[in-house]
Amino acid sequence: MDKQMECIEINIPTSTHAKPELHETDTKFGAKEIWVQIQSVWEFCKEDTGREIFALKVGITVLLVSLFVLFEAPYQVFGSNIIWAILTAIIVFEDTVGATFNRGFNRAVGTLVAVILAVVVAETALSCGHVAEPIILGLSMFMIAVITSYMKMWGALVQYEYGFRVTLMTYCLIVVSDYRIGNPVRTMIDRLYSIAIGGMISVLVNVSIFPIWAGDQLHKELVKNFHLVADSFEECTKKYLEDASEKSKFTMSSIDAFHEEGAYMRCQSTLDSGSRFQTLAQSAKWEPPHGKFMHISYPWLQYVKVGAVLRHCAYEVMALHSIAHAKIQVPYKLRVGLESEVEEASKEAAEVVRILGRDISHMQWSVKDSHVKRLHNSIKRLQSCMCFQYSYMLASTFDNPSKSFANISHMFYHLPYQREMMEEEVECYHHMTGKQLRRLYSWPPREADAFEDIKLEESTAMLSFTNFASSLMEFVARVEHLVEAVHELSKMAKFKSAL
């Protein structure tokens, strides 16, 4: 039986896909986004011209080393191993002169140690026969890998971590290549002069073309941090003495706005500088005497110690910043009574910090005993005023809140601009406490939770101010340690005495 085949015709409609039209708004948005990216790149370039200089110097170094490969005459002299010079130049070159010296030293010493070990082990393995040779080479690579990887984690040897890495890499490359090719002495010589060429060109370019000294950067950044801490400290005390109505917008704002304040950001910048100071100090030790740092062994590590003490001061400024924006605050009408004492103490402390920064900048010692003495006197006046005006209120609020508030109000009544505000405050306070007392002693007894809340709120507010004052005094105590650290630096670095 014949099967009849049916042909099914399938028509696939050929539709021309229209190109999506670009709306005018999308075009404008894309152009605006590109313009914003261009502006951000431009701002990044303007922040630090050292980045552009560093990039150009790397390009010049690679170009000079590559000439040994691109031209026939030097290539015939040095051979194919000259490629190691290009790799060395790229790896060794750093942004500062000291870091480049450090890298070059680590690479040179690591290569030299690896070459010597490789030649000794290769000759020993070769003398043991073909059967034992690969076993000895494999075990030697295992042992070198274990030893170098462990030693680079040793505390005193961490700064030579790159040298240990180079030792392991070079040893393995020489041993493996010589096992198949032979002639380890020739490979050792080629490696040494190739690395020497790359390292020397890197150092010469870095020193001769707009050199960036790690010591200069450490010196400038430390001076900058002194001024940042002083400005942040004065801003925090000024913010604390502002009227509560002016601070309410910030107090109720988001936490992101809290972190975007100038004082907070400047202190955070100082606190984040610890690791950078350590890196710059380690690099500066490798730099030769230059500029105003002409001593053979300049005390760069003392800069790190001074920076650590300065960061302790910045921690206290962060505490003051937090207290100034806390929700629980002593009433402004009472807080303003100590305005002159707080301003005087903050002004004297900030001035001492700025003088220390200027002394380091000019490499001189101008801090006199009179500066520290004025700072001590301002703190003593603040302590005396606090004891006189606030201790009685803290002690007597629980016994007779109406009387304690009246006494405190009388203390501030001598200020002409406070009389009208204090009279209104006293009247309101008397009315509120009287109402609560009537409820407390009425029959039948009524709840007196509101009265207890008043006492608790008063004592908590007073503790808030006490916390601020104690943080202010702690900052002054840390400034004294800062004076001692800078004085020690001035003696070690031989600062000149100010006239």
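These legends walk through several close-up views of a predicted model.

Local features are reported where pLDDT is at least 70 and side-chain atom pairs only at pLDDT 80 or more, while totals for chains, interfaces and linings use all residues. Residues are numbered from 1 along each chain as its sequence is written, and side-chain values use heavy atoms, with hydrogens and water left out.

**View 1. The whole chain, to get your bearings.**
The protein chain has 21 helices and two strands. Helices (H or I, at least four residues) and strands (E, at least two) are DSSP runs, numbered from the N terminus. Of the 499 residues, 40% are buried; buried means under 20% relative accessible area, exposed over 50%, and partly exposed in between, with a 1.4 Å probe and protein chains only. Take the contacts (heavy atoms within 4.5 Å) between residues at least 6 apart in sequence: 80% of them join residues at least 24 apart.

**View 2. The largest nonpolar core.**
A nonpolar core is a set of buried Ala, Val, Leu, Ile, Met, Phe, Trp, Tyr and Cys residues joined through side-chain atoms within 4.5 Å. The largest one here has 65 residues, and those with the most contacts inside it are Phe-226, Tyr-303, Val-306, Leu-356, Ile-360 and Phe-475. At least two residues of this core come from each of α9, α12, α13, α14, α16 (339–362), α17 (369–389) and α21 (449–492). Apart from this core lies another, of twelve residues, including Val-119, Val-121, Ile-144 and Tyr-171.

**View 3. Ala-350 on helix α16.**
Ala-350 belongs to helix α16 and is buried, with a relative accessible area of 0%. Setting aside neighbours within four places in sequence, Ala-350 is in contact with Ala-230, Phe-233 and Glu-234. Ala-350 and Phe-226 are 124 residues apart in sequence, yet their C-alpha atoms are 9.4 Å apart in space.

**View 4. Helix α13 and its packing partners.**
Helix α13 covers residues 274–284, and Gly-274, Phe-277, Leu-280, Ala-281, Ser-283 and Ala-284 are buried there. These buried residues pack against α5 (97–127), α9 (214–240), α12 (262–271) and α14 (300–324). Ser-283 counts as buried because its relative accessibility is 8%. Not counting residues up to four places away in sequence, Ser-283 touches Thr-96, Gly-98, Ala-99 and Ala-214.

**View 5. Where α9 meets α13.**
The two helices, α9 and α13, pack at an angle of about 150 degrees, with their axes 8 Å apart. Axes are lines fitted to C-alpha atoms, for helices over the stretch in contact, and angles run from 0 to 180 degrees between N-to-C directions. Residues making the contact include Leu-218 and Leu-222 of α9 and Phe-277 and Leu-280 of α13.

**View 6**
Rings of Phe, Tyr and Trp (its six-membered ring) pair if their centres lie within 6.5 Å; planes under 30 degrees apart count as stacked, over 60 as edge-to-face and the rest as tilted. By this rule there are nine aromatic pairs. Tyr-298 and Trp-300 form a tilted one, 4.5 Å centre to centre with 50 degrees between the planes, and both residues are buried. Phe-293, Tyr-298, Trp-300 and Tyr-303 form one aromatic cluster. Elsewhere, the charged end of Arg-103 sits over the ring of Tyr-162, 4.3 Å from its centre; this label requires NZ of Lys or CZ of Arg within 6 Å of the ring centre and within 35 degrees of the ring normal.
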